[in-house]
Each structure stands twice: as C-alpha cells, then as structure tokens.
Amino acid sequence: MIQRLRGFRDMYPEAMRARRIVFNKICEIALEFGFHEIDTPSVEHLDLFRVKSGEEIIKQTFSFVDKGGREITLIPELTPSVARMIASRKDLVKPVKWFSFPKMWRYEEPQSGRLREFYQFNADIFGVENISADAEVLALAMEILDSLGLKNKYVMRVSDRVLMENILKSLGIKRVENAFYLIDRKDKIPEDEFYESLKKISSEDSAQQLVEILSLKGEPDKVLSKLKDTERKNTLLELRDLVKAYSKEFILDLSVVRGLAYYTGIVFEAHDAKGELRAILGGGRYDNVVELFGGQHTPAVGFGMGDAVLEILMKREGVWPEEKIEVDFFVAIIPGYRKEAIKIATLLRKKGFHVDIELRERSISKQLKYANRINAKYTVIVGDEIKKNRVTVKNMETGEQRLVNIDDIDAIIQP
Ligand code: HAM
C-alpha cells in the first residue's frame, strides 16, 4: 500500500463531521460580523510570494516548474492572493470585509500543530486607516475562540511593529528586518543562541536592554508605562478601549513581531493559556501590500487561523464536537417493499432530514444493527402496513416502536 505523505491527513467521516461543525461555526461568526466569503486559486506563481511574504515562507513552499516552464506553488498563505484581488478591482466599496477558509500547504517539519497541508481561516478588512478595523478583526478572532468554548483558555497577545521599530532604532539597531526575524524565532531557539545572534546586530548593552523589553507583557497600560516611546501609546490604548467595548481583552506583549515581512503596524497572536502549543492564530496590519500589486494605497488588517492547533486545544479542553457519524432516519425494508421504501426516504429527504436506506438485502435484525452502527436516531421499517399508509418507527435510543401514519412521520423529529 502506498502510504500517505508526511504532514498530510486522511479525514474519515467521523472526524470530518466534527470539523465541519467547527468550520461552520467559524464562518457563521464571520457572517455575523458582516464579512463576505471569497475563494482564490490553490496554485499561484511563486513570484506572488516573493513580493512581500519574506524568505521564510518561500523556503517552505511546495513549488515546482509546470509543463509550461512556469515557477508555480501551492499557496502557503492567502494574503498576497487576496491583496491581488483587491488591487485588480477599483470598483470595490470600501471597507471591504472578506473571509475564506481554504486549504494551504507549507513544506515545514511536521510536528504537533504544524502540518504540510492544513485549513486556514482568513478574515481581512481593506480600506480602513484607523484602529477601528484592527479592533474589529481582533474582536472577530476572539469571538470565534469564545464561541468555540475556549473562553479563558487562550491569551490574545498584541504588539506593534511601529513601536518595536522605534525601540530598535533607539537602541541603535539598524537592521530592523533582521531583528524582527530574530525576535520572531526567540521562543523557538535556545536563549543563548538568541542572545548571541542579537549581539551580531547590536551592541551588548542594547542586546541586554532589548531582552528586558521583550519580556514586558501584561495589561497595556502597565507595559506602556515602562517604555519611553509615547508616539504609539494613544493608539494602543485606544485599541484596548475599543476591544473592551466588544467585551474582549488582550495583553500587550512586545515579543510578538510575527514572521511575515509585510506587517506595518499592530500584530497579534493567540496562544493557549497554558502556553503548551504553537500559535492558534496570527495576524496584523499590512498597509503596503495592495499597492505593491499595482492597486491604490489600501490599508489592510486581518488574520489567519489554522485548524491544527485549534483542534488540539479544543480536544484538550473537551470542546471538540464528538467524532461520530449520525443520520436522522434509516429506512429498513421488508423484502418486496423497496420501491415504497424509496418513496418514504425521498419524502423525508425532501423535508430536510438526513436519511439512509437499506441498499443490500439483509434481515431486519441486521438492518437494525446497521442503523445502530450509523447512529440513526430512528429506523422506519417499510413493510405490509404501507398498504394502509403506515410504517413502523423505532426510536433507536429508547427502543420504543410504534405504527405511524406516513403523513405524521416528519412530526417525530425536527431537522
Ligand atoms: P501565519 O502566522 O503564517 O500568518 O499563519 C497563521 C496561522 O496559520 C498560524 O497561527 C497557524 O494557526 C496556521 N498555520 C501556519 N502554518 C501552519 C502549518 N504548517 N500547519 C498548521 N497550521 C499552520 C499568515 O499566514 C498570514 N497570511 C495571516 C494573515 C491574514 N495576516 C493578515 N491576514
């Protein structure tokens, strides 16, 4: 047997059903927030990601040369494609609020919460310069996690690249991009290694000061009071107040800078409260990407959330939906009544129920056993009584069985 590739998943119906419940909930909340769904290609020119995503993500692409000699790749993220969509339509009414839930691919080392193929929910707002859009996407991200049963089980960590850039410059660190890249890797590499690399782009004294600043986390007011820079203070406090108006809270954590190169302002990541897992989601403001793709200057802010860490965390907290298949009705057939049974199944399906029907020719006891295995709520047995417009309905949970007129059959349960 040819095995599955590493970092890829087969999704059996039980697992897929649970996932679908979670995905639907997420999309429902995006719709509640007035976002509209879009879709983009799964394969793009590799150059699309060379524009602004950064070296790290290019290294992780599943890229290849196609039969026409083009350098193409499976998408490792969605942001450049969405920015291109915005750039190529001048007629869009701003602000634009879009969401999408595609599969994507990254050639990373598979590990807990990191796969080579995963789903990533994306939500972005285009065309809003001020912090109200940052607050709206942060609130959306937190509302999604709260609604999935993760309230108090995660921490939303926010930082600001402008603030961080000012800090780096004041410490005499000129290679800001290098510093961001390094800071993003801080928790993934040993402390000494981090410190040594930092010293290569700054003085020893600055390196020490920076390590101290990076350890600042907590209530925004408290963290900001420890910093000299006040330029961004009001923006960050306003963000805190707006997010509070949504009844949500975040902490300011200056060690969050994010790996992708295009962020220009607020950046954020949600982590499980116990700090055991990789980031649940990440995002931020990227005001220059749309114009890089030939569009007008269009400020943007959004986030991406994969399904892998989310699943691990929801399972750990006991809020992942039960992984089981289920139907409302199983239509069992007494020999000779298949056509009548098909009519009953059709009637129930038209009413919106999930209905399975016997396709083999098993004994009634075997059919009932099967109905149990597929977690049918009711079994409808079609036999002789159909001549009087009646069927036997068995409640599979209680075992109770009764004759029901087919006109009343849908009253048994609501879809
Ligand atoms: P990112 O931090 O690269 O950002 O990914 C966002 C989220 O996608 C991560 O927090 C994680 O949930 C999930 N993710 C990333 N890589 C993997 C992987 N190998 N396996 C499983 N899950 C993964 C972006 O992609 C940005 N484009 C997000 C964004 C949208 N920023 C603004 N708008």
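Start by selecting strand β13, from which the largest share of the shell around the ligand comes, namely 5 residues; helices (H or I, at least four residues) and strands (E, at least two) are DSSP runs, numbered from the N terminus. Before going further, keep in mind that this is a predicted model, in which local features need pLDDT of at least 70 and side-chain atom pairs count only at pLDDT 80 or more, while totals for chains, interfaces and linings use all residues. Residues are numbered from 1 along each chain as its sequence is written, and side-chain values use heavy atoms, with hydrogens and water left out.

**The ligand and its shell**

Next, select the ligand together with the 27 residues that surround it, of which E77, T79, E108, D124 and Y263 are the closest; a residue counts as near if one of its heavy atoms lies within 4 Å of the molecule. At least two residues of this shell are supplied by each of β7 (117-126), β12 (281-285) and β13 (300-306). Colouring the shell by class gives 12 nonpolar, 9 polar and 6 charged residues, where Ala, Val, Leu, Ile, Met, Phe, Trp, Tyr, Cys and Pro count as nonpolar, Asp, Glu, Lys and Arg as charged, and the others, Gly among them, as polar.

Now show the polar contacts, that is, pairs of N or O atoms within 3.5 Å. An N or O atom in the side chain of D124 is 2.7 Å from a nitrogen atom of the ligand, and an N or O atom in the side chain of Y263 is likewise 2.7 Å from a nitrogen atom of the ligand. Of the 650 Å² of accessible area that the ligand has on its own, the protein covers 96%, with areas taken from the Shrake-Rupley method with a 1.4 Å probe.

**Helix pairs**

Moving to the helices, select α6 (residues 161-170) and α9 (residues 204-214), whose axes come within 10 Å and cross at roughly 155°. That angle makes α6 roughly antiparallel to α9, since angles over 145 degrees count as roughly antiparallel, under 35 as roughly parallel, 65 to 115 as roughly perpendicular and the rest as oblique.

**Two backbone details**

Finally, select K94 and P95, which are joined by a cis peptide bond with omega of about -5°; P95 sits in the loop between α4 (79-87) and β5 (96-100). The last stop is N152, in the loop between α5 and β8 (154-160), where phi is positive, about 65°, although N152 is not a glycine. Most residues other than glycine have a negative phi, and most peptide bonds are trans.

Definitions and conventions
Polar contact = N/O pair within 3.5 Å; in protein donor to acceptor, adjacent residues only side chain to side chain. Axes fitted to C-alpha atoms, helices over the stretch in contact; angles between N-to-C directions.
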